[in-house]
Amino acid sequence: MQSFPYRDGELYCENVPMAKLAEQYGTPLWVYSKSFILGQLKQIQTAFAEVDPVICYSVKANSTLGILRVIRDAGCGFDVVSGGELYRVKAAGGDTSKVVFAGVGKTDEEIRFALENDILMFDVESEQELDAIAAVADSMGKVARVVLRLNPDIDAKTHAKTTTGKKGNKFGMDIERFRELAAKVLRDKRLALKGIHMHLGSPILTTGPYAAAGQKAIEVVEALRLDGHDINWINLGGGFGISYRGNEGLPASAYAEVIVPAVQQAKCRLALEPGRFVVGNSCVLVSKVVYTKREGGKLFVIQDAAMNDLIRPAMYDSFHRVWPVRPATPMPENVEGEIVGCEKTDLVGPVCESSDYFAKDRYLPKMQRGDLVATFSAGAYGTAMSSNYNSRPRATEVLVDGSTVTVIRRRETYADLVAHELS
Ligand SMILES: *Cc1c(COP(=O)(O)O)cnc(C)c1O
């Protein structure tokens, strides 16, 4: 994590000490490294260069405008799953001709909004959705470009709440229905079938599921071409894993190695929808220790960041590296298991829920009131899932570029919390 190095015993983001940011902007504080995001995008662009992919960053991973602008400036498109996300892409100056629209429950209003903005294509998930898109397109005198989302029945071995490409979950359709709907599109002048979409789940830390999906895609594309379809897109979704614990994440080139040959064999264009891979390790959430206490034989460190800020541990049992900003013991490579000089600790927040924790039974250096704590890998599904639960204002987000710091979202005030309430 070169973007977040410890130098002389304290944590930095690029050239800026975290402690200085915390002092200036308060805590909790989301600190992003711009160069990290650009580096990840470059890595994907380079790894897949042979097939010149359209990279549609998955907005749901992190939808803050300041982050979307960095990604837009790198030449990327966007994957949206709601009208609100499309609005954000536009507000960030994104190119809507490079937008794909996924999700199982697109409303007529959202479909209309997308067609008005001439998005690249819809990832269609059911027959009724296909009918709705055709009807809306007809009312606007437009032709809608669609790809059908195949549920390839591949077990990507992710958490039960994040698997999407396995038979029995709500996403996509099986191959029989896929061919039926493809035939239906062929008869409909208001629709143009462009290809196939698959998103297998997230995070995926092996290449096997993508290799299997690539083979499926080749078969489906060949079959559809025999049926008379002019198919030229394979969209393999997102899901590339990252390192939360150590170095378990694969480079983009590993995924490219199995995906590129399949795309070449199918003679198609490739779309990708990476989210976590782009932003996951671009952000550290900095918090301050409010109290420590020993109770029931356990040491609790209570910080000012909570599950309303970062819900992943509560929601998915996710593992995040946590370590003090100015630690008494340097952060080791492996933060799991017993660590000399550290004590088993629960790092928790102030929200009134037992699931409000960031780390449980973790060996951590001694911390006291006022100390700063870093929670790593907080860039994906962090702020995007944050809420005002317990009437806690959402925290400030800053983007660091070398030595330059930009506030991209200010801290909410108490007045913001009630601003939408009318009586
Ligand atoms: C969530 C999602 C993604 C992004 O997944 P990551 O794991 O963040 O890369 C891509 N495509 C679709 C359809 C999604 O629902």
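Two strands are said to pair if DSSP finds at least two bridges between them. Helices (H or I, at least four residues) and strands (E, at least two) are DSSP runs, numbered from the N terminus. The model shown is predicted, so local features need pLDDT of at least 70 and side-chain atom pairs count only at pLDDT 80 or more, while totals for chains, interfaces and linings use all residues. Residues are numbered from 1 along each chain as its sequence is written, and side-chain values use heavy atoms, with hydrogens and water left out.

**View 1. An open sheet is formed by three strands in the order β1-β2-β3.** The pairing in this sheet is antiparallel. Its edge strands, β1 (6-7) and β3 (16-17), each pair on one side only. Strand β2 (residues 10-13) is joined to β3 by two bridges. Y12 has P17 in β3 as its bridge partner.

**View 2. F48 and F240 form a stacked aromatic pair.** Rings of Phe, Tyr and Trp (its six-membered ring) pair if their centres lie within 6.5 Å; planes under 30 degrees apart count as stacked, over 60 as edge-to-face and the rest as tilted. A search of the whole structure finds seven aromatic pairs. In the pair shown, the rings lie 6.3 Å centre to centre, with 5° between the planes. The two residues are 192 residues apart: F48 is in the loop between α2 (34-47) and β5 (54-58), and F240 in the loop between β11 (233-235) and α9 (252-266). Buried means under 20% relative accessible area, exposed over 50%, and partly exposed in between (1.4 Å probe, protein chains only). F48 counts as buried because its relative accessibility is 0%; F240, at 2%, is also buried. Together with Y210, Y255 and F277, these two residues form one aromatic cluster.

**View 3. The largest nonpolar core contains 122 residues.** A nonpolar core is a set of buried Ala, Val, Leu, Ile, Met, Phe, Trp, Tyr and Cys residues joined through side-chain atoms within 4.5 Å. M18, F48, I71 and F122 touch the most other members. Helix α9 supplies the largest share of this core, eight residues.

**View 4. Lysine residues lie over the faces of F101 and Y357.** A charge sits over a ring if NZ of Lys or CZ of Arg is within 6 Å of the ring centre and within 35 degrees of the ring normal. K106 lies 5.5 Å from the ring centre of F101, and K360 lies 4.2 Å from that of Y357.
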